[in-house]
Amino acid sequence: MDNVNITINGVAVSVKKGTTILEACKKININIPTLCYHPDQELKGNCRVCVVEVEGQPRLQPSCCTPVTQGMVIKTNSKRVREARKAIVELILAAHNCNCLTCIRNNNCELQNISRELGIDSVRFDNVEEILPLDNSNPSIVRDGSKCIKCGRCVEVCSKVQGVGAIYNINRSHDMRIAPAYEEGLNNVPCVYCGQCINVCPVGAIYEKNDINNVWKVLDDKSKHVVVQVAPAVRVSIGEEFGFDAGSIVTGKIVSLLKRIGFDRVFDTNFTADLTIIEEGNELLHRIKNGGKLPMMTSCSPGWIRYVEYFYPELLENVSTCKSPQQMFGALAKSYYAEKYKINPENIVVVSIMPCTAKKAECIRDEMNDSGYQDVDFVLTTRELVRMVHQSGININKIEEKDFDDPFGITTGAAAIFGATGGVMEAALRTVYEIVTGNELKNINLTTVRGIDGIKEAEIPVGDLNVKVAVANGLNNAKIILDMINEGKADYHFIEIMACPGGCIGGGGQPIPGNIEVKKQRMDGIYNVDKSKLIRKSHKNPAIIKLYEEYLGEPLGHKSHKLLHTHYAKRELYEV
Amino acid sequence: MNCLKNDIESIIEKIGNTPDKLIEILIEVQRQSEENYISKDALKIISKELKISLSKAYGVASFYSMLSTKKRGRYVIQICNSAPCYMNGGKQVKKYFEDILGITVGEMTDDGLFSLEFTGCIGTCDKAPAVKINDKVYGNLNKEKVEALVDSIRKEEEVCDFSF
């Protein structure tokens with residue numbers, strides 16, 4: 001491998017050819033401030049905060065996008081560099097809404113950190129902050145242009161990673177800002193509400209719609225019976241906000257603190273993930289046996305559902321009719337649970353803790369009322385639950401661990417892995433194999449569909465049939481598979497699609513930062529939950545078996561159809 | 001609407017329907033529009049045909065000063081505000097136009113004949129201060145020349161206007 005020798009602040013360093021100055025500095029533990037740079041994204045060189053001095057070059061160079069060359073002499077901490085960085089950040093601050101104390105990203109803001117690190121104690125320039133209207137036109141995402149530093153990370157994730165392109169740079173020069181076409185609200189453009197833009201925003205310019213106060217209000221209302229469900233991916237990520245390593249499993253602590261906060265019952269979305277597997281597995285077999293539309297695609301991810309409704313409506317019949325676990329839970333909470341425990345469903349409030357911003361929009365879809373009420377009332381993201389914990393003053397580090405409540409408390413390892421890309425597929429195959437063959441699946445770890453890769457494929461022999469499957473995460477990867485289907489080049493039986501890169505562990509409602517390294521750790525956590533479970537196949541879940549005996553009857557039966565299945569509708573991209 | 005759709009589709013057919021043709025198509029669509037701009041409906045059709053997001057198409061259309069996403073007059077007067085024109089009295093030229101037309105920069109006259117806007121350098125620094133009116137450049141401007149220019153356009157339009 002070709003190496004080049006360079007000098008950084010008088011220290012001789014040898015690095016691989018093609019390394020950027022920023023990476024080379026990292027190697028010898030020199031921290032260079034960055035704003036537009038993101039480890040998972042392309043190099044932009046927009047913000048100029050990372051400038052360094054390179055001997056022989058008249059201008060300062062942006063270290064994030066300047067590759068090293070043989071003999072390069074670099075200074076990262078000269079007076080000239082320090083002054084330039086300060087001036088750059090001061091210029092950004094002059095156009096920034098600096099109400100940090102009331103900002104959602106207070107204490108977790110890259111601009112705030114840089115201002116502190118560079119020792120900025122005043123801003124020499126006139127304040128030219130623009131008072132732009134807040135875009136809170138939709139149920140999931142709020143955009144605050146007055147906080148935007150125009151780094152371009154959200155545009156990249158929206159266009160290139162998700163293939164959606166709801167926002168872009170508009171206008172030019174001083175008037176440039178990031179917005180949807182014609183500065184419409186996100187509700188008027190094909191935004192899928194995945195929230196990936198939130199995860200990459202270095203400041204508080206994009207965030208989830210706040211539902212915390214709605215939840216406090218129902219908790220304070222003694223006439224309400226408030227139940228809460230916790231999604232699979234939340235238990236391996238929320239710990240990060242309280243000093244645990246990414247991937248630490250804090251399930252018992254979450255249950256405990258939700259009870260202390262005042263929820264009447266704390267349930268596990270994993271229960272309805274198991275239920276989803278039963279219904280979806282049977283739907284797949286039904287489609288295969290009866291010449292139904294194939295490949296069948298999963299339907300758990302509401303960002304994906306909005307995407308297919310907008311961009312590939314011709315493939316809507318390929319999408320499983322199963323509701324997502326969140327919505328199955330809501331429908332059962334206000335029917336089965338209400339009947340079993342003799343609680344008037346009118347007084348039941350269902351709250352979800354989700355790694356997802358699109359879930360906020362999913363729960364208010366018109367068709368999600370099959371219990372006779374809005375099945376799920378409020379959705380909080382992982383980050384919002386963190387804020388609620390802070391508000392409640394509970395010390396999560398010291399709190400005792402508790403188990404989820406019955407009847408939605410017993411869950412399997414198959415449900416746990418719903419939170420990672422490939423997990424729904426693996427869980428479904430564990431069950432489908434045993435239903436079809438009647439034999440026990442010996443090696444239940446289907447490692448070919450695991451991991452962070454954007455697209456994964458596998459062929460699994462199930463009795464006489466070789467089941468061909470594909471798994472995609474990130475909507476631009478989904479697009480590749482969808483185009484293959486449209487061109488008749490995809491002979492898969494079953495496709496799992498999750499809107500967010502990495503699956504729900506990388507969801508738009510998860511703790512920030514959530515870069516690839518963090519996601520891998522969360523993923524390990526998910527598979528550790530699976531490993532720790534005595535039962536690792538959904539159809540072996542005794543509580544699920546009981547639910548069918550007591551209430552639902554059979555998979556795809558009459559009651560299932562009413563409560564657990566749904567339909568989708570084409571959305572017009574741009575009406576002309 | 002159908003008429004518009006057909007016009008734009010034939011422009012795209014002529015130029016090509018790949019994303020790299022976006023600017024060429026935007027220029028041609030604007031040229032053929034009577035109001036010197038790219039309408040929202042037109043941009044939607046272009047975005048659909050070229051398979052690029054509407055936000056990106058709008059981003060490009062709103063970036064270049066020669067393109068407009070807002071209705072403009074039949075004669076678009078673009079005053080150069082780059083340094084050489086500015087130094088040579090561009091600011092006064094702007095005022096002459098504003099006075100004679102009764103509008104400020106960014107506006108359109110009520111009769112839809114003129115709009116007034118700024119542009120970046122139009123490459124005629126030797127004739128500064130200069131303006132561009134539709135496709136033609138006029139340089140070395142002073143008050144008299146500005147008045148004569150506006151007068152001549154108005155007269156020409158009267159001759160052509162048989163609407164009374």
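Predicted model: local features only at pLDDT ≥ 70, side-chain atom pairs only at ≥ 80, totals over all residues.

**A helix crossing and the salt bridges**

Guide: In chain A, the axes of helix H8 (residues 269-289) and helix H17 (residues 542-552) come within 10 Å and cross at roughly 70°. An angle from 65 to 115 degrees counts as roughly perpendicular, and H8(A) and H17(A) are therefore roughly perpendicular to each other.

Turning to the charged contacts, the structure holds 49 salt bridges over all chains. One of them joins the side chains of A:Glu208 and A:Arg387, with a distance of 3.6 Å from N to O. Because A:Glu208 lies in strand S9 (residues 206-208) of chain A and A:Arg387 in helix H12 (residues 382-392) of chain A, the pair ties together parts that are 179 residues apart in sequence. A:Glu208 has a relative accessible area of 1%, and since buried means under 20%, A:Glu208 is buried.

Another salt bridge is formed by A:Arg260 and A:Glu400, whose closest N and O atoms are 3.1 Å apart. This pair also links distant parts of the chain, for A:Arg260 sits in helix H7 (residues 251-261) of chain A and A:Glu400 in the loop between H12 and helix H13 (413-416) of chain A, 140 residues apart. A:Arg260 is exposed, with a relative accessible area of 51%, whereas A:Glu400, at 34% relative accessibility, counts as partly exposed.

Salt bridges in chain A also join into a network, which links A:Glu426, A:Arg430, A:Arg450, A:Asp530 and A:Arg536.

In chain B, the side chains of B:Asp20 and B:Lys21 meet in a salt bridge with an N to O distance of 3.3 Å. Here B:Asp20 is exposed, with a relative accessible area of 59%, while B:Lys21 is partly exposed, with a relative accessible area of 22%.

The relative accessibility of B:Tyr64 is 32%, so B:Tyr64 counts as partly exposed.

Methods
Residues numbered from 1 in each chain as written. Chains lettered and ligands numbered in written order. Heavy atoms only, no water. Buried < 20%, exposed > 50% of the residue type's maximum accessible area, 1.4 Å probe, protein only. Axes fitted to C-alpha atoms, helices over the stretch in contact; angles between N-to-C directions. Helix = DSSP H or I, 4+ residues; strand = E, 2+ residues; numbered from the N terminus. Parallel < 35°, antiparallel > 145°, perpendicular 65-115°, else oblique. Salt bridge = Lys/Arg side-chain N within 4 Å of Asp/Glu carboxyl O.
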